[in-house]
Amino acid sequence: MTILVLFEHNLRLDDNPLLARAAQLGGELLCVSLGDPLGQPGSYGLRRIGHRRQHFLHQSRQELHSALTRLGQQLVLIRQPVIPALSRLIERHDVTHLVRQRPLASNEQALSWYLTRRHPGLSLQHVDGHTLFDLEQLPFDIEDLPPSYSAFRRALQPIKVRAPTPAPHSLPAPPPEVTPWPHISQHRVRPFIGGESQGQRQLAHYLDGPAPGHYKETRNDLEGWQNSAKWSPWLAAGCLSPRRIWQALCHYELTWGANDSTEWLKRELLWREYFQWYAMKWGRRLFQFGGIGQKRPLTSFYPTRFIQWCQGTTPYPLVNACMHELNETGYLSNRGRQLVASALVNELQLDWRCGAAYFEQQLIDYDVSSNWGNWQYIAGVGADPRGGRHFDLDKQSRLHDPKGHYTHKWRGDNPVALAKSPVDWPEDAP
Ligand SMILES: Cc1cc2nc3c(=O)[nH]c(=O)nc-3n(C[C@H](O)[C@H](O)[C@H](O)COP(=O)(O)OP(=O)(O)OC[C@H]3O[C@@H](n4cnc5c(N)ncnc54)[C@H](O)[C@@H]3O)c2cc1C
C-alpha cells in the first residue's frame with residue numbers, strides 16, 4: 001500500500017492532520033509538493049504568481065524537505081502541468097491512497113475531480129488542515145453558511161477549536177526510487193522568509209512583546225511591523241497552522257489576561273475562517289463579476305486606468321503610496337488593501353476582478369479565499385450586508401496619514417519618480 005500525501009497550503013510538520021491520516025492508514029509514504037504555476041498566464045495580462053511569493057514558497061518547501069529528510073523521508077516536487085505529472089507518479093508507485101487538504105476554492109476542487117476520473121481505484125481523502133474548524137464541526141451544512149460574518153461568528157461561538165497536534169517524531173519510509181528534490185538556491189527576501197521555523201518565530205515574536213495588548217488600536221495603521229501580527233504569509237502557505245495560532249492566543253490570554261485586542265485578533269482569524277468556507281460554498285461565483293448574488297456592478301475594464309492603479313500613478317497620492325509599497329514589498333496593511341480596492345472600484349470604476357487578479361500576482365500572503373472574498377466584499381458583490389464599501393480617500397489620509405509621512409515615504413505624491421526607496425523593516429523582524 002502506498003499513501004501519497006500532497007503538500008499544497010500545508011507546508012509544515014506541526015499540526016499537520018494529513019500526516020496523521022497517512023500514519024493511520026499505514027504503508028509506504030510518498031510526500032509530494034506541487035510546483036508553482038510559473039509562466040501560467042492569469043487574467044488581464046497578469047501572472048498567477050509573482051517572484052516574491054515564488055521565493056517564499058520555495059524557501060518553505062526547501063525547509064519542509066530538510067525536515068522530512070531528518071525523518072527518513074523526502075519531498076518530491078512535481079512541476080506544472082500538475083495532472084499528468086501527478087498521474088505518472090500515482091502509476092509509477094502504485095499509489096493506493098491520496099491524502100489531500102480539503103480543497104475549498106473551485107479551482108482547487110478541480111484537481112480532485114480530475115484525479116477521481118483518471119484513477120477510479122484511488123482512494124482520495126480530504127482532510128481539514130487550513131481552517132480552525134473541521135467541516136464536520138460546523139453547526140450547519142455548507143450550503144447554509146450564514147450570509148454574514150457576524151452571523152457566522154455567533155454560530156461558531158459555542159464550538160471549540162481542536163487542540164493542534166505536535167510534529168511527528170517518525171514517519172513511514174518512502175517507496176524505492178523516489179526522484180530527489182532539486183536544490184535551487186534562493187535569496188532570502190526580508191522580512192518574510194518562507195518556512196515553518198520562520199512562521200513559528202513570527203508567532204512567538206509577536207506574542208512575546210506588548211503588541212497584542214494594543215492590536216485593536218494599531219491594526220488599522222498603514223504601517224509598522226508591530227501594528228498587526230504579520231502572520232498572513234505563513235498562514236497562507238500553511239507553514240503555520242491556524243489552530244496553533246489560536247492555541248497560542250488562548251495561552252497568551254491565560255497568562256496576561258484577555259482584552260479587547262486579543263479578542264479582536266481572534267475575530268480576524270474568524271474572518272479568515274469565514275472566507276475559507278465561503279469559497280467552498282460559492283464555488284465559481286467567487287471569481288464571477290456579479291459575485292455571490294449575481295448582481296453585476298456598473299464598472300468596466302479600462303486598460304489605462306488599470307495600469308495607473310497597478311503602477312501607483314493615479315490622481316490619488318494615498319492610493320499611489322499603497323501600490324508602491326505593495327509592488328516593492330509584496331505586502332500591504334489591511335487598511336491599505338481596503339483603500340486601494342475601494343479606489344479601484346469607486347474612483348476608477350474598474351472591474352473588481354482585475355484588482356483581485358493583480359493582488360494574486362503581487363501578494364506574498366495571497367490566499368484564494370481571503371483575497372477574492374475581501375474583494376467581493378468591497379465591490380459590493382459579496383458578504384457585506386451594507387452592499388460594498390466606499391472609503392473617502394481625503395478622510396482616510398487625515399485619519400491614517402495626517403502628516404503625510406506614509407504618502408511621502410512611498411512617493412505617493414510624486415508617482416512619476418519611481419526610484420527605489422529602501423524598505424526599512426526593523427532588524428529584529430524575522
Ligand atoms: C482587498 C483585500 C485583499 C486581501 N487579500 C488577502 C490575501 O490574499 N491573503 C490574506 O491572508 N489576507 C488578505 N486580506 C486580508 C488582510 O488584509 C490580511 O490578512 C492582513 O492584512 C495580513 O496582515 P497580518 O497578518 O498582520 O494581519 P492581522 O491584522 O494581524 O490579522 C491576523 C490574521 O487574521 C487574518 N485576517 C485579518 N484580516 C483579515 C481579513 N480582512 N480577511 C481575512 N483574513 C483576515 C489573517 O490571516 C491575518 O494574518 C485581504 C484584504 C483585503 C481588503
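**A walk around helix α10**

Start by selecting Trp282, which sits in helix α10 (residues 260-282); helices here are DSSP runs of H or I, at least four residues, numbered from the N terminus. Keep in mind that this is a predicted model, where local features need pLDDT of at least 70, side-chain atom pairs count only at pLDDT 80 or more, and totals for chains, interfaces and linings use all residues. Residues are numbered from 1 along each chain as its sequence is written.

Is Trp282 buried or exposed? Trp282 is buried because it has 23 C-beta neighbours inside 10 Å; the cut-off for buried is 20 or more other C-beta atoms within 10 Å, with C-beta atoms placed from the backbone.

Next, colour α10 and helix α15 (residues 368-379). Their axes (lines fitted to C-alpha atoms over the stretch in contact) are 8 Å apart and cross at about 90°, so α10 is roughly perpendicular to α15, a label for angles of 65 to 115 degrees. To see the contact (C-beta atoms within 7 Å), show Arg272, Phe275, Gln276, Tyr278 and Ala279 of α10 with Val368, Ser369, Ser370 and Gly373 of α15.

Now go for the largest nonpolar core, which has 105 residues. Such a core is a set of buried Ala, Val, Leu, Ile, Met, Phe, Trp, Tyr and Cys residues joined through C-beta atoms within 7 Å. Leu4, Val5, Cys31, Ala279, Cys322 and Leu344 have the most contacts inside it, and α10 gives the most to this core, with nine residues.

Last stop: Val5. Leaving aside neighbours within four places in sequence, Val5 touches Leu18, Leu19, Ala22, Leu29, Cys31 and Val99.

Notes: Helix = DSSP H or I, 4+ residues; strand = E, 2+ residues; numbered from the N terminus. Buried ≥ 20, exposed ≤ 12 C-beta atoms within 10 Å, placed from the backbone. Contact = placed C-beta atoms within 7 Å. Axes fitted to C-alpha atoms, helices over the stretch in contact; angles between N-to-C directions. Parallel < 35°, antiparallel > 145°, perpendicular 65-115°, else oblique.
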